[in-house]
Amino acid sequence: MNNIYSIGITGIGSYIPEKIVTNKDLTKIVDTSDKWIVERTGIKERRITDDQTSTSDIATIAAKNALKDGEILPEELDLILVATVTPDMAFPSTACIVQDNIGAVNAAAFDISVGCSGFIYGLSVGSNFIKAGAYKKVLVIGAETLSKIVNWEDRNTCILFGDGAGACVLERCKEGSGFLSFDLGSDGSDGHLLTQPAGGSRLPASYETVSNNLHTIKMDGREVFKFAVRIMEKTSIEVLNKANLSLGEIDFLVPHQANIRIIQSARKKLKLTEDKVYVNLDKYGNLSSASIPVALDEAYRKGLLKNGKVILLVAFGAGLTWGSTLLKWNK
Ligand code: UT7
């Protein structure tokens with residue numbers, strides 16, 4: 001996993017649905033306030049898809065935007081990876097649906113289920129396929145429609161999440177740039193802290209599971225918060241060590257967008273000033289596996305990612321899982 005040189009991002013794109021749900025809108029359905037949500041999370045509004053739109057639909061738009069950006073034809077793709085916890089259905093995979101939608105007739109395709117860390121895992125898997133010589137062009141997508149699995153009566157969770165998709169094409173790039181190192185990890189012993197309990201083989205869909213709301217997100221927010229604060233620092237230090245870099249050598253941080261307090265804690269521990277950190281959770285909330293590619297795409301379009309700069313991407317999520325990578329931008 002270590003020392004992955006000369007594989008980088010050559011195309012990037014994203015998509016965010018148009019419909020905005022503000023904190024004020026949420027006060028009409030749960031006992032909450034704009035003040036509480038902004039102070040405790042930093043979120044002001046989020047975007048949600050309509051009833052007809054699925055994860056593959058928004059993943060497809062993000063994919064097309066990334067291909068256009070990189071001037072890459074769909075039939076040139078060798079592999080499509082979709083990181084998601086909100087697939088269209090259990091099978092076929094959302095990646096196969098996207099493959100058909102964009103006409104990537106030569107690509108293998110599969111989903112990655114790693115919660116909010118999924119996009120970083122996807123980058124690592126894609127890079128390793130290229131490094132091994134198996135493939136040349138890999139499309140990695142993070143896409144979620146979390147609005148479909150949120151319990152809109154649970155104020156502990158419904159205020160946090162939103163819908164969106166981001167995508168990157170990976171290819172070989174100039175020696176010494178691209179991904180410098182990866183750090184991935186998981187701790188299944190705490191998996192119970194963040195789950196969607198029903199709908200799988202443990203609790204197949206039934207009248208009881210539906211009436212007890214077991215197909216929606218359950219989370220022990222306080223415990224996940226503590227884990228996030230600890231692991232964001234730990235994996236960041238680990239990924240720096242793997243690249244033989246030190247704290248002062250991070251130029252820009254694109255963190256998983258879950259809670260502004262988690263991001264600020266990581267920023268301080270990594271000794272970065274506020275202008276070196278990308279934050280968009282005020283507009284979108286937590287997009288799970290889509291949060292990093294959407295943020296990266298926005299930062300790129302705003303001209304914040306300069307060639308030669310070292311960018312740290314870091315995420316944590318259900319599993320529990322975590323992942324980070326250092327990326328020397330060269331696009
Ligand atoms: O991507 C990975 C997924 N998840 C996360 O990253 C989430 C990590 N955790 C968090 O971000 C925070 O723990 C939350 C934002 C979820 C909650 O913030 P907190 O500061 O940890 O609040 P808390 O859970 O300790 O709750 C404090 C109080 C409770 O009331 P009592 O028991 O003190 O009377 C909650 O019932 O705030 C109450 N509360 C709310 N009040 C108004 C919980 N949700 C709300 C709400 N509006 N929406």
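Phe 227, Phe 316 and Trp 322 come together as one aromatic cluster, where the rings of Phe, Tyr and Trp (its six-membered ring) are taken to pair if their centres lie within 6.5 Å, and where planes under 30 degrees apart count as stacked, those over 60 as edge-to-face and the rest as tilted. By this rule the count comes to 5 aromatic pairs. A tilted pair is formed by Phe 129 and Tyr 135, with 5.2 Å from centre to centre and 40 degrees between the planes. Phe 129 counts as partly exposed because its relative accessibility is 29%, and Tyr 135 counts as partly exposed at 24%; here buried means under 20% relative accessible area, exposed means over 50%, and partly exposed lies in between, with a 1.4 Å probe and protein chains only.

The model is a predicted one, in which local features need pLDDT of at least 70 and side-chain atom pairs count only at pLDDT 80 or more, whereas totals for chains, interfaces and linings use all residues. Residues are numbered from 1 along each chain as its sequence is written, and side-chain values use heavy atoms, with hydrogens and water left out.

The ligand is surrounded by 22 residues, of which the closest are Thr 32, Arg 40, Arg 222, Asn 259 and Asn 286; a residue is near a molecule if one of its heavy atoms lies within 4 Å of it. A polar side-chain atom of Arg 222 lies 2.6 Å from an oxygen atom of the ligand, and for His 256 the corresponding distance from a polar side-chain atom to a ligand oxygen is 2.8 Å. In the side chain of Arg 155, an N or O atom is 2.9 Å from an oxygen atom of the ligand. Of the 950 Å² of accessible area that the ligand has on its own, the protein covers 76%, the areas coming from the Shrake-Rupley method with a 1.4 Å probe.

Helix α3 spans residues 55-70, a run of 16 residues that reaches 22 Å from its first C-alpha to its last, close to the 22 Å expected at 1.5 Å a residue. The expected span is 1.5 Å times one less than the number of residues, and helices (H or I, at least four residues) and strands (E, at least two) are DSSP runs numbered from the N terminus. The buried residues of α3 include Ile 58, Ala 59, Ala 62, Ala 63, Ala 66 and Leu 67. An α-helix has 3.6 residues a turn, so residues three or four places apart point the same way. The buried residues of α3 pack against β1 (7-15), α4 (94-102), β6 (138-145) and β7 (163-172), contact being heavy atoms within 4.5 Å.

Just after α3, Glu 71 takes a positive phi of about 55 degrees, although Glu 71 is not a glycine. Glu 71 is placed in the loop between α3 and β4, and counts as exposed because its relative accessibility is 74%. A positive phi, of about 60 degrees, is also found at Asn 213, likewise not a glycine. Asn 213 lies in the loop between α6 (207-211) and β10 (218-219) and is partly exposed, with a relative accessible area of 27%.

Two cis peptide bonds can also be described. Phe 91 and Pro 92 are joined by a cis peptide bond with omega of about 0 degrees, and Pro 92 is found in the loop between β4 (79-83) and α4. The peptide bond from Gly 319 to Leu 320 is cis, with omega near -5 degrees, and Leu 320 belongs to the loop between β12 (310-317) and β13 (321-328).

Notes
Polar contact = N/O pair within 3.5 Å; in protein donor to acceptor, adjacent residues only side chain to side chain.
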